[in-house]
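Please read these points with the model open beside you. They go through some local features one at a time.

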Amino acid sequence: MSRIYNFSAGPSMLPEAVLKRAADEMLDCNGSGQSVMEMSHRSKEYQAIIDECESLLREVLSIPDNYKVLFLQGGASSQFAMIPLNLMKKNKKIDLVLTGQWAKKAKSEAEKYGEVNVVASSADKTFSYIPKLDPSTFSKDADYFYICLNNTIYGTHFDTLPDTGDIPLVADVSSCILSEPMDISKFGLLFAGAQKNMGPAGLTVVIIREDLIQGVDPTTPTMFDYKIHADNGSMYNTPPTYAIYICKLVLEWLKNDIGGIEKMYELNQKKAKILYDFLDQSKLFKGTVEPGSRSLMNVPFVTGDEELDKKFIKESIERGFANLKGHRTVGGMRASIYNAMPIEGVEALVAFMKEFEEKNTK
Ligand SMILES: *Cc1c(COP(=O)(O)O)cnc(C)c1O
C-alpha cells in the first residue's frame with residue numbers, strides 16, 4: 001500500500017492513526033459487536049460517542065459553558081441561510097466583510113432576509129488580501145457582523161478579529177477550525193463543515209452563544225431552527241453518526257498524539273513557513289497572497305506562465321502529490337496543508353518544487 005500526499009482543499013487528508021483506528025473498529029466498535037454505522041443513534045453506545053466528541057471539542061477549543069455545540073448536516077453552505085434565519089431578526093440588517101467566494105455566498109443568502117452592509121472588500125485584487133477595517137463604517141444596529149476567518153480558495157486569513165463591541169461576531173471557520181487557538185468568547189457563532197480539518201463530509205459543527213438561540217419565525221422549517229437542535233442535543237433527527245465518530249477520533253489524535261491546540265498551531269506555523277520561505281525566494285514560483293494576510297492552511301501560488309503551471313500540476317501528480325491544481329476561479333496552484341498533512345509532505349513538496357524550478361529556469 002502506498003499513500004499519496006493529498007493537498008486537496010476538502011475533503012482532505014485525515015490522520016493515518018485515525019484511519020487505522022477506524023479500520024480496527026469497523027466490525028466491532030468497543031465490544032458492541034457492530035460498526036458505528038450500524039448503531040442506533042438512540043443507543044447508549046452511540047450516546048457515549050457523541051458525548052465524548054462534544055466534550056473533546058470543548059476541551060481542545062476551550063469552549064465556554066455558555067456556548068452550545070451543535071452537530072448538524074447540510075454543510076457549511078446551509079449555515080449561510082440558517083444563520084440569517086435565526087439571527088437576522090431584530091433590525092434585519094448585518095455587516096459583512098467580503099473576502100471571497102464563501103463570504104459572497106453567505107452574503108447572497110443573507111440578502112434574501114434583509115440588508116447586508118459590506119464594510120470592506122478585497123474584490124479589487126482577486127481577494128488576495130484581508131482588507132483594513134474602519135470601525136466608523138460598522139453599523140450600530142446590525143444584528144450581527146459576518147466574516148469568513150480563513151478564505152480557503154484565496155488563501156487569506158484574518159490575523160486580528162474586528163472589534164464589534166456588543167454586535168455578535170459570526171465566523172465561517174470551515175478551513176481553519178482546530179488549526180489554531182481561538183478565543184471563542186469573542187464570537188457569537190462559529191461554524192464549520194467538517195471535511196477540512198475535523199473529519200469526513202456530512203457533518204457541520206456550530207458553536208453558538210446560548211443567548212443567541214431564540215427560536216425562529218414559525219414559517220421556518222423545523223430543521224433550520226437552532227433551538228430545536230440545541231434542545232434535543234443534536235438528536236432531533238438522526239445526526240451524521242459515523243462522521244461524528246470520526247471527528248471524535250480526530251479530536252483524540254489532536255489531544256493525545258499532537259498534544260493539544262497550541263502544539264497543533266506550532267506545527268502548522270512550521271509547515272506553512274517551509275512553503276512560504278521557499279516561495280519568497282523562488283525565481284520561478286510566487287505566492288499570490290500579500291504577507292500579513294497569509295493562511296496557514298491554504299497556500300496558493302503561480303509560476304506566472306499558465307503552460308508551466310499545467311506542466312507542474314501534471315508532473316506533481318506523477319510524483320504522488322494530489323490535488324495541487326488551484327481553484328477554477330483563481331488558476332495556478334494551491335497547496336492545502338491542513339492539520340493532517342505531515343511536515344514530511346510539505347518538505348517533499350518543496351523539494352519537488354526546487355527540482356522543477358531548476359529544470360525550468362534558464
Ligand atoms: C468548504 C467551505 C465551505 C463550503 O462547505 P460545504 O460543507 O461544502 O457547504 C464554506 N466555507 C468555507 C470557508 C469553506 O472552506
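**Notes on a predicted model**

1. Leu27 sits in the loop that runs between helix H1 (16–24) and helix H2 (44–61). The structure is a predicted model, and that applies to every point below. Leu27 counts as exposed because its relative accessibility is 71%, and the cut-off for exposed is over 50%. Together with Met26 and Met37, Leu27 makes a nonpolar surface patch of about 320 Å².

2. Pro11 is found between strand S1 (5–6) and H1. The peptide bond that leads from Gly10 into Pro11 is cis, with omega near -10°.

3. Ser62 has a phi of about 50° and lies in the loop between H2 and strand S2 (67–72). With a relative accessibility of 56%, Ser62 counts as exposed. For Lys92, phi is near 50°. Lys92 belongs to the loop between helix H3 (75–87) and S3, and its relative accessibility of 46% makes Lys92 partly exposed.

4. How many salt bridges are there in the model? The count comes to 21. As background, side chains of opposite charge can pair when their charged atoms come close. The next points take up some of these pairs.

5. Lys93 forms a salt bridge with Asp141, and their closest N and O atoms are 3.2 Å apart. Lys93 is in strand S3 (residues 93–98), while Asp141 is in the loop between strand S4 (115–121) and strand S5 (144–148), so this pair ties together parts that are 48 residues apart in sequence. Is Lys93 buried or exposed? Lys93 has a relative accessible area of 17% and is therefore buried, since the limit for buried is under 20%. Asp141, at 32%, is partly exposed.

6. Asp277 pairs with Lys273, and the closest N and O atoms are 2.6 Å apart. Because the two residues are four apart in helix H7, about one helical turn separates Asp277 from Lys273. Asp277 is partly exposed, at 37% relative accessibility, and Lys273 is exposed, with a relative accessible area of 51%.

7. Lys359 forms a salt bridge with Glu355, with 3.3 Å between the closest N and O atoms. These residues are four apart in helix H9, so Lys359 and Glu355 are separated by about one helical turn. At 61% relative accessibility Lys359 counts as exposed, whereas Glu355, at 27%, counts as partly exposed. Elsewhere, salt bridges that share partners join Arg21, Glu25, Lys248 and Glu252 into one network.

8. How do helices H7 and H9 pack, and at what angle? Helix H7 (residues 261–281) and helix H9 (residues 343–360) meet at about 10°, with their axes 9 Å apart. H7 is therefore roughly parallel to H9, as angles under 35 degrees are counted that way. On the H7 side, the contact is made by Lys270, Lys271, Ile274, Leu275, Phe278 and Leu279. The H9 side contributes Ile343, Val346, Glu347, Leu349, Val350, Met353, Lys354 and Glu357.

9. H7 also packs with helix H6 (residues 241–258), at an angle of about 85° and with the axes 8 Å apart. That angle makes H6 roughly perpendicular to H7, a term used for angles of 65 to 115 degrees. Trp253, Leu254 and Ile258 of H6 make the contact with Ile261, Lys263, Met264 and Leu267 of H7.

10. The last point concerns Gly320, in the loop between helix H8 (306–318) and strand S13 (321–322). Which residues are in contact with Gly320, leaving aside its neighbours within four places in sequence? They are Ile4 and Tyr5. Gly320 and Pro162 are 158 residues apart along the chain, and their C-alpha atoms are separated by 40 Å.

Conventions: Residues are numbered from 1 along each chain as its sequence is written. This is a predicted model: local features need pLDDT of at least 70, side-chain atom pairs count only at pLDDT 80 or more; totals for chains, interfaces and linings use all residues. Side-chain values use heavy atoms; hydrogens and water are left out. Patches are made of residues with over 30% relative accessible area and no salt bridge: like charges are joined within 9 Å, nonpolar side chains (Val, Leu, Ile, Met, Phe, Trp, Tyr) within 5 Å. Accessible areas come from the Shrake-Rupley method with a 1.4 Å probe; for residues, only the protein chains shown count as cover. A salt bridge is a side-chain nitrogen of Lys or Arg within 4 Å of a carboxyl oxygen of Asp or Glu. Buried means under 20% relative accessible area, exposed over 50%, partly exposed in between (1.4 Å probe, protein chains only). Axes are lines fitted to C-alpha atoms, for helices over the stretch in contact, and angles run from 0 to 180 degrees between N-to-C directions. Angles under 35 degrees count as roughly parallel, over 145 as roughly antiparallel, 65 to 115 as roughly perpendicular and the rest as oblique. Contact means heavy atoms within 4.5 Å.
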